[in-house]
Amino acid sequence: MKKLVLSAIVVFAMVATSCKSDDDTVEAIDCAGLTIDADNASDAYADDPSNDNCISLRNSLQALINAGCLDAQTQASTELAISILPCN
């Protein structure tokens, strides 16, 4: 179930970031890349829920937050997802 929730959050984050205005092309490119990284990390964790993949997912989701790529609601959901990841 956690895998499904995390995948849904990543997909939602991708949709949310693609809907943001593209006022700054560099920012849009960075957010798109970070979103792809998070999606790839989510897939890897879903396939193999190892501690390394968990840490990679957590870090990629945190990078989306740190870069300001998410709206407030998506950021809150992503922070919740990060908090329930069982990484060491």
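**Asn 53 and the helix around it**

A polar atom of the Asn 53 side chain sits 3.3 Å from the backbone oxygen of Ala 44. That pair is a handy way into this predicted model, whose protein chain has four helices and zero strands.

**The chain as a whole**

- Followed along the sequence, the protein chain reads α-α-α-α.
- The protein chain has 88 residues, and 32% of them count as buried.
- Its accessible surface comes to about 5100 Å², with 56% of that belonging to carbon and sulfur atoms.
- If you take contacts between residues at least 6 apart in sequence, 68% of them join residues at least 24 apart.

- Setting aside neighbours within four places in sequence, Asn 53 is in contact with Ala 44, Tyr 45 and Asp 48.
- Cys 87 is 34 residues from Asn 53 in sequence, and their C-alpha atoms are 8.8 Å apart in space.

**Helix H3**

- H3 has 16 residues and reaches 22 Å from its first C-alpha to its last, close to the 22 Å expected at 1.5 Å a residue.
- Which residues of H3 are buried? They are Asn 53, Cys 54, Leu 57, Ser 60, Leu 61, Leu 64 and Ile 65.
- These residues lie on the same side of H3, because they cover an arc of only 150° around the axis.
- An α-helix has 3.6 residues a turn, so residues three or four places apart point the same way.
- On the face turned away from the buried side, H3 carries the exposed residues Asp 52 and Asn 66.
- Just after H3 comes Gly 68, which takes a positive phi of about 75°.

**The nonpolar core**

- The largest nonpolar core has 15 residues. Those with the most contacts inside it are Tyr 45, Cys 54, Leu 57, Leu 61, Leu 64, Cys 69 and Leu 85.
- Helix H2 (25-47) and helix H3 (51-66) are the elements that give two or more residues to this core.
- In soluble globular proteins, nonpolar side chains tend to be buried together.
- Cys 54 touches Tyr 45, Leu 85, Pro 86 and Cys 87, not counting residues up to four places away in sequence.

- Where is Leu 85 found? Leu 85 is in the segment after helix H4 (72-84).
- Leu 85 counts as buried because its relative accessibility is 9%, and the cut-off is under 20%.
- Leu 85 and Asn 51 are 34 residues apart in sequence, yet 9.7 Å apart in space, C-alpha to C-alpha.

Key. Residues numbered from 1 in each chain as written. Predicted model: local features only at pLDDT ≥ 70, side-chain atom pairs only at ≥ 80, totals over all residues. Heavy atoms only, no water. Core = buried A, V, L, I, M, F, W, Y, C linked by side-chain atoms within 4.5 Å. Buried < 20%, exposed > 50% of the residue type's maximum accessible area, 1.4 Å probe, protein only. Contact = heavy atoms within 4.5 Å. Areas by Shrake-Rupley, 256 points an atom, 1.4 Å probe, with all protein chains shown as cover. Polar contact = N/O pair within 3.5 Å; in protein donor to acceptor, adjacent residues only side chain to side chain. Expected span 1.5 Å × (residues − 1). Arc of directions from axis to C-beta.
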